[in-house]
Amino acid sequence: MSSKIRFHIFESASTFLHPGKGFTPVTEKFQVRVDPLTGRTGHFSHFGAVRQQKLPLEDYLKPEVKGFCPFCKENREKTTPKFLKEILPEGRVTRNEATLIPNLFPYDMYSGIMIMTDDHVVPLERLDERRLVDAFTLGIDFLRRIKSINPGLPYHVMSWNYMPPSGGGLVHPHQQYFATEYPGNQFMDEINASRQFHETHALNYWSELIKEEQTEDKRYIGRIGDSHWIASFVSLGILGEIMCIFPDVFALDDFTDVHINELVSGVLRIFKYYRSTGIFSFNASLFFGPESQKYFSCHFRIIPRTFLNMRDFAPDLNFFQALLSEPISVMLPEKLCEDVRMFFHAQNTWA
Ligand SMILES: [Zn+2]
């Protein structure tokens with residue numbers, strides 16, 4: 001049976017007279033890829049031109065840099081909000097260090113922030129299994145609670161900005177959990193295209209994608225239990241994107257503690273890869289579709305973020321993403337997969 005999924009790559013090149021090579025002609029290649037689900041394009045160019053920058057983590061603790069942090073233990077009780085009694089009778093809930101509070105700047109009607117740690121600055125190696133399991137468990141519980149309060153909000157999202165290059169307003173580790181009717185253009189394009197794929201082929205796109213990536217064996221990183229980890233064909237991040245798909249999880253209620261453990265196990269492996277390559281910051285999201293559908297599987301995405309330099313803190317997003325809504329990446333997914341695979345095949349993490 002021929003595949004229902006097509007991976008289109010347009011390859012081209014630009015030739016110019018290079019000043020460092022005596023103004024002789026030099027040809028630089030680039031690619032444009034088409035996302036097999038949504039048809040949205042992504043550029044791949046500037047290969048090797050972006051170097052991840054080391055963040056001065058120790059400086060973030062200096063009083064003149066740190067400033068006031070409402071998430072720090074000594075300020076939390078007085079300066080963070082509490083939920084209404086009908087949403088969360090306790091006001092705030094905790095599980096070990098993880099503490100759930102309402103967002104003072106809400107994204108939607110029910111918008112929670114997960115303060116993940118007591119410590120203000122937590123490098124990747126200290127975002128350990130316990131801290132991650134606690135945060136995800138408490139966060140998913142919160143999403144279930146707001147789903148029972150207001151089932152009319154169909155989409156559930158976890159989002160996470162870690163460290164300043166990611167756009168995170170506070171260094172103190174935190175995630176956002178919210179339910180919404182408006183989960184963003186990327187999410188809506190994907191869910192609409194997934195529905196269309198299902199109507200056309202009577203198949204779940206996400207399960208087909210896993211099969212196709214396993215067969216091609218160029219971007220399939222590995223499997224942990226029910227989770228499948230893939231270097232995305234079109235990357236939303238400049239240094240590549242890793243996606244984790246739970247093909248049989250369609251809505252929030254399908255997501256169990258076992259899935260949380262599998263997610264955390266994969267995230268810890270990615271953190272090891274990040275540490276090995278000098279990545280200090282990322283964005284991540286976990287998406288759940290609505291009830292009563294079998295075409296939009298739960299998935300997680302994570303992309304590294306970096307300043308382009310530490311001289312003037314140029315961000316790694318520019319007119320491409322901001323005005324053309326076009327992702328651009330300097331890392332080919334096939335190379336990313338090759339680099340990350342060894343961390344998924346190592347025996348030193350549990351699955
Ligand atoms: Zn803090």
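Predicted model: local features only at pLDDT ≥ 70, side-chain atom pairs only at ≥ 80, totals over all residues.
Reader: What makes strand 1 and strand 2 a pair?
Author: Strands are DSSP runs of E with at least two residues, and helices are runs of H or I with at least four, numbered from the N terminus. Two strands pair if DSSP finds at least two bridges between them. Strand 1 and strand 2 (residues 24-34) are joined by 11 bridges and run antiparallel, so by that definition they pair. Leu-17, for example, has Pro-25 in strand 2 as its bridge partner.

Reader: Why do strand 1 and strand 14 stand at the edges?
Author: The open sheet of 4 strands has the order 1-2-3-14, with mixed pairing. Strand 1 (8-18) and strand 14 (328-329) each have a single partner strand, so one side of each lacks a neighbour in the sheet.

Reader: Which strands stand at the edges of the sheet of 10 strands?
Author: That open sheet is antiparallel, in the order 4-5-6-8-7-12-13-11-10-9. Its edges are strand 4 (93-95) and strand 9 (220-224), because each has a single partner strand. Inside the sheet, strand 12 (residues 281-288) and strand 13 (residues 298-305) pair in the antiparallel sense over 7 bridges. Phe-287 has His-299 in strand 13 as its bridge partner.

Reader: How do you know that domain 1 and domain 2 touch?
Author: The bounds, from an automatic or database domain assignment, are 8-44 for domain 1 and 57-345 for domain 2. Residues are in contact if their C-beta atoms, placed from the backbone, lie within 7 Å. By that test, 10 residues of domain 1 are in contact with 14 residues of domain 2. On the domain 1 side, the largest share, 4 residues, comes from strand 3 (residues 41-44).

Reader: What makes a set of residues a nonpolar core?
Author: Its members are buried Ala, Val, Leu, Ile, Met, Phe, Trp, Tyr and Cys residues joined through C-beta atoms within 7 Å. Buried means that 20 or more other C-beta atoms lie within 10 Å of a residue's own (exposed: 12 or fewer; partly exposed: in between), with C-beta atoms placed from the backbone. The largest such core has 74 residues, and Met-114, Ile-221, Ile-242 and Val-340 touch the most other members. Helix 3 (residues 129-149) gives the largest share, 8 residues.

Definitions and conventions:
Residues numbered from 1 in each chain as written. Contact = placed C-beta atoms within 7 Å.
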